[in-house]
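Subject: Structure handover

Hello,

Here is the structure I promised to pass on to you. Please open it alongside this email, and I will walk you through what turned up.

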Amino acid sequence: MRRSRIGIVTLGLVAGLGTAALAHDHPAPNGGQIKQIGPYEAELVVKGSEMTLHVLDEQDRKVDASTLSATAVVLAKGNEHRTVEMKPAGDNRLSGKVDFPFDGKFRATVSLKTPKGEAGKGRYTLDASR
């Protein structure tokens, strides 16, 4: 009985390590926060009144954003929800305007869309430079 418990614990640890390796845990190259959205890695950056989403594929290659779009639901000041439409901004970037105040950290749920439909959603919480 004891051997089977050790085997199960070991198998669980190995499986957990494999999952962590697949998570692409690395620093955000543009100073934002990276989340997995469907098959993509998407880094959200907020500077001033500009919100930018940088999109990469599974091999960390830039994805042509000209056919993509995104919608961000942002927690604004006073716990109000604001929607920001993000449009292609060249290369692998989508961008939108944050023309409203928010308290403390910038919190947003981003829905990424491809020509085939929604790719997925990512939840972000980051320090925004204003």
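A word on terms before we start: a strand here is a DSSP run of E with at least two residues, and strands are numbered from the N terminus. By that reading, S69 lies in strand 4. Please keep in mind that this is a predicted model.

Let me begin with the overall layout. The model has an open sheet of 8 strands, with antiparallel pairing and the order 1-2-3-6-5-4-7-8. At its edges are strand 1 (33-37) and strand 8 (117-126), each of which pairs on one side only. On average, neighbouring strands of this sheet are turned by 25 degrees against each other, direction ignored. As you will know, strands of a sheet pair through backbone hydrogen bonds.

Strand 4 and strand 5 run antiparallel and are joined by 7 bridges, and A76 has E80 in strand 5 as its bridge partner. Strand 4 also pairs with strand 7, again in the antiparallel sense, over 6 bridges. There you can find A72 opposite V110 in strand 7.

Moving on, strand 7 and strand 8 form a hairpin with 2 residues between them. These two antiparallel strands are joined by 9 bridges, and F106 has L126 in strand 8 as its bridge partner.

**Back to S69**

S69 has a relative accessible area of 30%, so it is partly exposed. Leaving aside neighbours within four places in sequence, S69 is in contact with M86, L94, S111, L112 and K113. The C-alpha atoms of S69 and L53 are separated by 9.8 Å, and these residues are 16 apart along the chain.

**The core**

Which residues touch the most other members of the largest nonpolar core? They are L44, M51, L53, M86 and F106, in a core of 27 residues. At least two residues of this core come from each of strand 2 (40-47), strand 3 (50-56), strand 4, strand 5, strand 7 (106-114) and strand 8.

Not counting residues up to four places away in sequence, L44 touches G32, Q33, M51, T52, L53, M86, F106, A108, V110, Y124 and L126.

**Two loops**

Most residues other than glycine have a negative phi. D60, in the loop between strand 3 and strand 4, has a positive phi of about 60 degrees although it is not a glycine. D91, in the loop between strand 5 and strand 6, has a positive phi of about 55 degrees and is not a glycine either. D60 is partly exposed, with a relative accessible area of 35%, and D91 counts as partly exposed at 43%.

Now for N92: is this residue buried or exposed? N92 has a relative accessibility of 4%, so it counts as buried, the cut-off for buried being under 20%. N92 is found in the loop between strand 5 (80-88) and strand 6 (93-97). Leaving aside neighbours within four places in sequence, N92 is in contact with L53, H54, V55, L56, K62, V63 and A65.

Happy browsing, and write back with any questions.

Best wishes

Notes: Residues are numbered from 1 along each chain as its sequence is written. This is a predicted model: local features need pLDDT of at least 70, side-chain atom pairs count only at pLDDT 80 or more; totals for chains, interfaces and linings use all residues. Side-chain values use heavy atoms; hydrogens and water are left out. Helices (H or I, at least four residues) and strands (E, at least two) are DSSP runs, numbered from the N terminus. Buried means under 20% relative accessible area, exposed over 50%, partly exposed in between (1.4 Å probe, protein chains only). Contact means heavy atoms within 4.5 Å. Two strands pair if DSSP finds at least two bridges between them. Axes are lines fitted to C-alpha atoms, for helices over the stretch in contact, and angles run from 0 to 180 degrees between N-to-C directions. A nonpolar core is a set of buried Ala, Val, Leu, Ile, Met, Phe, Trp, Tyr and Cys residues joined through side-chain atoms within 4.5 Å.
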